[in-house]
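Let's take a walk through this protein, with the sequence and the 3D view side by side.

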Amino acid sequence: KRPNILLILADDVGTGDLPRYWNSGLVHMPNINGLSEKGVLFTDAHGTPLCAPSRYMLLSGNYQHRGRHYNGRWNIGYQHNQFQSHQKSIAEVLRDKAGYHTAMFGKWHLGAKVPPDGLQNKTHFLTSNLHNWTLPLIDGPQDIGFSKSYVTTGGIQEAPYSFFRNGLLTTNITSRVSYWEEGKYRMPSGDSIIRKSGEGDIGWDSTVYNQILVNETSQFINDHLEDRSEDPFFAYVALGSVHYPHSPPTKYSDGSPIAGEYPTAHMDLLLELDKVVGSLVSLVERKGISNETIIIFSSDNGGLKWDSNFFHHSSGPLRGSKGQIYEGGHRVPLIIRYDGVYPTNEKRSNLVGLNDIFSTICDIIGIDVPDGSAQDSVSFAHYIRASNNTSGLRSTLSNWDYSKGTLQSEAVRFGHLKLIRHFGAGTGTDELYDLASDLSETKNLIDNVDYADIISEMASKAKEVGPCPDNVKGPIVFSTGREVTCGYFRTNTIKRCARWRIEGELYCNRICGRFKKMCKNIRASTSNNEIEQEASAVIPTLSSHPSRVPTTAPTVCEDDDNWMSGGTVPVLSGLSCDALGGNETFCALLDDPQFSNFSKSVSQACCICGGSKLLSPSPSIASSDRPSVSPSNSASALPTSQPSQIASQSPSACVDEPDWRFVQGTNVALGCSAFTFNPEKFCVEINDLGAVYNGKSVYEACCACGGGQHVEAASSQRPSQVPTSSSSAPSLSIQPSFRPSASPSSKPSNIPSNEPTECADDPDWKSGNGSNTIFSGLSCETIGDSTFWCEALDREEYKNFGKLVSQACCTCGGSKFSSSSPSSIMSDMPSSQPSVSPSIVCVNEENWYFNLLPVPLGCFAIETDPVQFCQTIGDKGTTYCGKNIYEACCSCGGGQHVEPGSICKDDSTWRSGGGDDPLYSDIKCSDFSDPNVCLILEDCPSSATDTEPSKAVGDACCLCRSP
């Protein structure tokens, strides 16, 4: 039988709180002392400086930024938990690969989604009729491998002040909910304290939190030994001590006094902590299973700040405390006991991290770590047995300090040396300490020339394992054996980065990294202003434009990361250099003044088009050598076939599975086309819901998500008819600023001079799947009055239903002419819908969403099939922000109608004020793209200054108001 595992995690307990570490503890702790005397104590163990990131680090075996957010997910809300869909927790691995009976009790703090559609009312977590508590938490403990759980989502420090059993709320929301105001409440067991107002159970009492967890754990172990004694158990107990609010009980369950035994409530809680550990350990001993149970005790981060009144230093001799990059912020206690197997009363001084516990457990019980999980975990199983078993241990460990939405500092250990790098203005100079002789980090060696080489090596290592590594210079080898360079990810970027997400993020982070905005700021503020180099694919050339691209590609070229194409032409505006991939077609199309932006044309901004910064000697490229191609004559610039270099990289075209749907209950069934406008969000979230249709997941069915049917690009067997679910949205996740005007200002000369007064487009026609996916799947309505599209699409490869664009669309001179009213695909829309005149453009309500599905749909998703969506959603009578679909979305006749060029501009000086959650403080408009954040920031108005009055987010940020 494999050993049981009892993992006890304290909260905010530093090494200086425990007498066995530095002889600095002021509280008598006989039980924790006894645990260390019967086990092995680690003196150089590390979490992160904060709570939630450390909990992910422990359960995932990863550094914190490997999860969905670089600084962790915290309380429940509108997003999934911190685990990415391909990552498994240690609980899931133990349950599925080794038959463990798994359970968790206590503080969750890894994020989860409020059922059914995420958090809709922050003030009324429990009683809002927009939340359905008959359903379990979405992405709660039960979803990452815990067969049983009894948890609070935010410990004792924040609402909801209620327990969840196996994901389900235990509070009766009709009779047992109370709105707890900040303050102190006298309860039978002591003074319960609420630090942040919010809803919770009417019987909530913070003083008994830890004793409840002891009772639940005891019941689990007792039941397990009675019902499943042949199987091992894994019990993870996440205590509330000693996090604020400090509300010790009057007495412990055995009748011994707690509150008032020491000068501070903080110390009283340390006393209770010791008794809790004693209760759990003695349970194992009483049941006679101490020889078959591994007991692990640790804490999430460093201890609380120095209390000068009573000389209580939770970090002992270490500098800093919780939340800081210094040793006191992230060095944590770690004790491991396994009677009859591990030595007793010994210490280990080698560097270990909480993330290493994952691999260590797998090593001990003899199972492999699953691919894609525990990327940063190194086993120290053999080291526990003997201090001289040091081979294979980690010699380096990194840490990161985030605040105000970005990285402030990072630290990296090389043995006893520790380098700290600071980012951003006013964060201080870099620091280097030798912890062997300077444990308190008081003597900065950063300017000592003897350390220059090692400092450079340490900085490189910190970047390599951090959230923003450089692109590698050499080849990348996939698990399939294929070798590529980072240039591989520049074409079909979204699909390839999704398919090879770990390799893409680790080795080609500038292309596949998920935290581009933060990383850009970090790279810009790097103290030595280093030049970061990357390997990219050979830049393809077009034989028809030999002067545009150098005949020999420069060794390294750096795109202008800020640049995006300007203009108002759909699908050609708002393109970054990355979006161009390796396709030179775009260089010709965009090299026109109307698409210039930031005072640069595409040929000055993007490497593929011959511009931007060349970081090594290369042929001089004069921008005047590049042809100017305007929309009116750009058809000639389009190659009749893809350049051979691109064809070699992308030998096939992709067609969505036409019959695939995401179906949720009786709501609208979504085809692949609904996910193309934001695949980075939708593909992941739909897949996380486990949606399978016709035996295929979204990753297998939809091109935008990396699947679909792949056919040879030049194949004559490509379907002649675009599936009805095919999207007019481009495959590069482009959201155009404006839809084209519905009325043409002029028509090509090939329109008959005696044409009738009205023309009806062929409503079923869409451009065929040609060599360029951007030009495929466009309807006449999308083309609008653009002669540019008429010329670009008037080629055999975009023919469909036996018609060219010049035969199907009125703007391009074709389709049916009649004197009667043209048939409209929107003929069933209400007659009261506003009409769009040629002199104005229509802008969707950007913050409008259809919310009945697990993934809310904005207007852009609806444009993929307005016949279905406008009518079906409209029939449900749904409104959001006070508007129904007919009032909000241009496709359905609504939206904002504004003068051409009237664009909404964010207030660039605005920052959100200090709200309840520091993660949402000091955020500027450009820092977020999810409209749900608007709801959160409504509680954080900016602080007024002498020159700038206070503004709410809805008055400052375009995303949060009508344009």
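What follows is a tour of a predicted model, going from the overall picture to a few individual spots.

## The overall picture

This is a predicted model, so keep in mind that local features here need a pLDDT of at least 70. The protein has 28 helices and 35 strands. Of its 963 residues, 57% are buried.

## Salt bridges

Side chains of opposite charge can pair when their charged atoms come close. Searching the whole structure for such pairs turns up 32 salt bridges.

Start with Arg 55 and Asp 300, whose side chains form a salt bridge with an N to O distance of 3.2 Å. This pair ties together distant parts of the chain: Arg 55 sits in helix H3 (residues 51–60), while Asp 300 is in the loop between strand E14 (293–299) and helix H7 (327–330), 245 residues apart. Buried or exposed? Arg 55 counts as buried because its relative accessibility is 0%, and Asp 300, also at 0%, counts as buried too.

Next up are Glu 410 and Arg 421, with a salt bridge at 3.1 Å, N to O. Here the link runs from strand E19 (residues 406–414), which holds Glu 410, to strand E20 (residues 417–422), which holds Arg 421, and the two residues are eleven apart. Glu 410 has 4% relative accessibility, so it counts as buried. Arg 421 is buried as well, at 7%.

The side chains of Glu 505 and Arg 514 also meet in a salt bridge, at 2.8 Å, N to O. Glu 505 is buried, with a relative accessible area of 15%, whereas Arg 514 is partly exposed at 31%. Then there is a network: salt bridges with shared partners join Asp 44, Glu 327, Arg 331, Arg 413, Lys 418 and Glu 441.

## Asn 509 and its neighbours

Glu 505 comes up again here. The side chain of Asn 509 reaches the backbone oxygen of Glu 505 at 3.0 Å. Asn 509 itself is found in helix H13 (residues 509–512), and at 2% relative accessibility it counts as buried, since the cut-off is under 20%.

What does Asn 509 touch? Leaving aside residues up to four places away in sequence, Asn 509 contacts Pro 467, Cys 468, Pro 469, Asn 471, Gly 504, Cys 519 and Arg 523.

Now look at helix H2 (residues 30–37) and helix H6 (residues 265–286). Their axes come within 7 Å and cross at roughly 50°, which means that H2 is oblique to H6.

Which residues make the contact? On the H2 side they are Pro 30, Asn 31, Ile 32 and Leu 35, and on the H6 side Leu 273, Asp 274, Lys 275, Val 277, Gly 278 and Val 281. Sorted by class, this contact has six nonpolar, two polar and two charged residues.

## An enclosed helix

Helix H8 (residues 356–365) is largely enclosed by the rest of the structure, because eight of its ten residues are buried. The buried ones are Asp 356, Ile 357, Phe 358, Ser 359, Thr 360, Ile 361, Cys 362 and Ile 365. After H8 comes Gly 366, which has a positive phi, near 85°.

## Two buried loop residues

Asp 762 lies in the loop between strand E30 (758–760) and helix H21 (780–783). At 14% relative accessibility, Asp 762 counts as buried. The side chain of Asp 762 reaches the backbone nitrogen of Asp 764 at 3.1 Å. Not counting residues up to four places away in sequence, Asp 762 touches Cys 780, Lys 803, Ala 808 and Ser 815.

Finally, find Ala 704 in the loop between helix H20 (698–701) and strand E29 (709–712). Ala 704 counts as buried, with 8% relative accessibility. How far is Ala 704 from Lys 495 in sequence and in space? The two are 209 residues apart in sequence, but 6.2 Å apart in space, C-alpha to C-alpha.

Definitions and conventions
Residues numbered from 1 in each chain as written. Predicted model: local features only at pLDDT ≥ 70, side-chain atom pairs only at ≥ 80, totals over all residues. Heavy atoms only, no water. Salt bridge = Lys/Arg side-chain N within 4 Å of Asp/Glu carboxyl O. Helix = DSSP H or I, 4+ residues; strand = E, 2+ residues; numbered from the N terminus. Buried < 20%, exposed > 50% of the residue type's maximum accessible area, 1.4 Å probe, protein only. Polar contact = N/O pair within 3.5 Å; in protein donor to acceptor, adjacent residues only side chain to side chain. Contact = heavy atoms within 4.5 Å. Axes fitted to C-alpha atoms, helices over the stretch in contact; angles between N-to-C directions. Parallel < 35°, antiparallel > 145°, perpendicular 65-115°, else oblique. Nonpolar A, V, L, I, M, F, W, Y, C, P; charged D, E, K, R; others polar.
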